[in-house]
Amino acid sequence: MAKIFITRPIPEAGSKMLRDKGYEVVVNEAARERAAAQEEMLAGIVGSDVLLSVLTDKITAEIMDAGLPTLKIIANYAVGFDNVDIEAAKQRGIMVTNTPGVLTDTVAEHTFALILAIAHRIAEADRFSRAGKYHAWGPELLLGSDVSGKTLGVLGLGRIGSRVAYHAAKGFGMKVLYYDPKQNPDFEKEYGAVYVANIDDLLPQCDFVSIHVPLLDSTRHLFNEERFKKMKPSAYLINTSRGPIIDEKALALSLSKGLIRGAAIDVFENEPDITPELKELDNIIMTPHIASATQETRDKMAELAATNIIEALEGRTPPNLVK
Ligand code: NAD
């Protein structure tokens, strides 16, 4: 009987599928409210055929070796897989799968929630109201910025980036510019989107910039002080991708110096830590890596991770094998 070690509790929808197949499912219940400890993973993986990991787990060669010779599959409960050493898995003949697609709409919705919230100063206005500062309606009270008709720059026109671009073009009449190594003429035709062949030419043209690239060596600190200087002082930066894509200290400095008007981010450079200076600023909205956190989507992610495991254990190619 195959043994599956799950590093942190996931929605029952997924673990039930695995138990119904007769597999032995071991869940590291201790890590419900915190990340799994290295020792818990090293112990749990021994004798397991499958490791079901989440993005707070750093799946290193050392962890993989502790699972050999039985470990065959690492099923990551996320679309991003920067937490897994893919090269080490390849060298050991261990399959790695992810959960793309099922979270696209939810993350795109969260991205748009952040765009609207930062432009309309929603979080700041909420703090203002709770603090008893609302004494009279005012012609210049908490003035924000329109979203409709503005220019959105999308970095990474993949599944999530293109869905954000769709909402922008169809819902808010925004002009969409994008940069991605792969140009997409069909998308351009359908949404009036314009391809800009490099990020430095794109930034000065945008009122909002939304990041949807994966975390790679080439995208780490893609946003540094130089890049912030290229943006309009009236522009907003949104990040629902991965934290290390932004140099967080440079972001804090740029926001306080007024190089850009605001930012809204769901991800942080050193999660769960947040650069303290950011917490002092009013022109940033921060959410704790919850862009895919709806019950429906988390259930679907659990089911997809389970499907990947079942397909692989039954000798078929799992639908979301990471290349
Ligand atoms: P995807 O693979 O469909 O899209 C990524 C796109 O980025 C691709 O089109 C790729 O060509 C492009 N790209 C790669 N390098 C680039 C670069 N240097 N500059 C510009 N574009 C580049 O992935 P997706 O499903 O849209 O997810 C995107 C990312 O969002 C994931 O990698 C993940 O890190 C992140 N994510 C975050 C959350 C969250 O909870 N905040 C949830 C889901 C996904």
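Buried area, for today, means the accessible area, taken with a 1.4 Å probe, that two parts lose on being put together, summed over both.

What you see is a predicted model, in which local features need pLDDT of at least 70, side-chain atom pairs count only at pLDDT 80 or more, and totals for chains, interfaces and linings use all residues. Residues are numbered from 1 along each chain as its sequence is written, and side-chain values use heavy atoms, with hydrogens and water left out.

Let's start with the layout. Domain 1 covers 3-100 + 295-313, and domain 2 covers 104-286; these bounds come from an automatic or database domain assignment. The C-alpha centres of the two domains are 32 Å apart. Domain 1 puts 7 residues into the contact and domain 2 puts in 4, where contact means heavy atoms within 4.5 Å.

Now that buried area: between domain 1 and domain 2 it is about 480 Å², with 49% given by carbon and sulfur atoms.

What forms a salt bridge with R242? That is D82, with the closest N and O atoms 3.0 Å apart. By salt bridge I mean a side-chain nitrogen of Lys or Arg within 4 Å of a carboxyl oxygen of Asp or Glu. The count between the two domains is 1 salt bridge.

On to the ligand. There are 24 residues around it, and R159, I160, D180, T240 and D266 come nearest; a residue counts if one of its heavy atoms lies within 4 Å.

Look at the backbone here. A polar backbone atom of R159 sits 2.9 Å from a ligand oxygen atom, and for I160 a backbone N or O atom is 2.8 Å from a ligand oxygen atom. T240 has a backbone N or O atom 2.9 Å from a nitrogen atom of the ligand.

Finally, how much of the ligand does the protein bury? Taken alone, the ligand exposes 860 Å², and 87% of that is buried by the protein, by the Shrake-Rupley method with a 1.4 Å probe. Thanks, everyone!

Note on methods: Polar contact = N/O pair within 3.5 Å; in protein donor to acceptor, adjacent residues only side chain to side chain.
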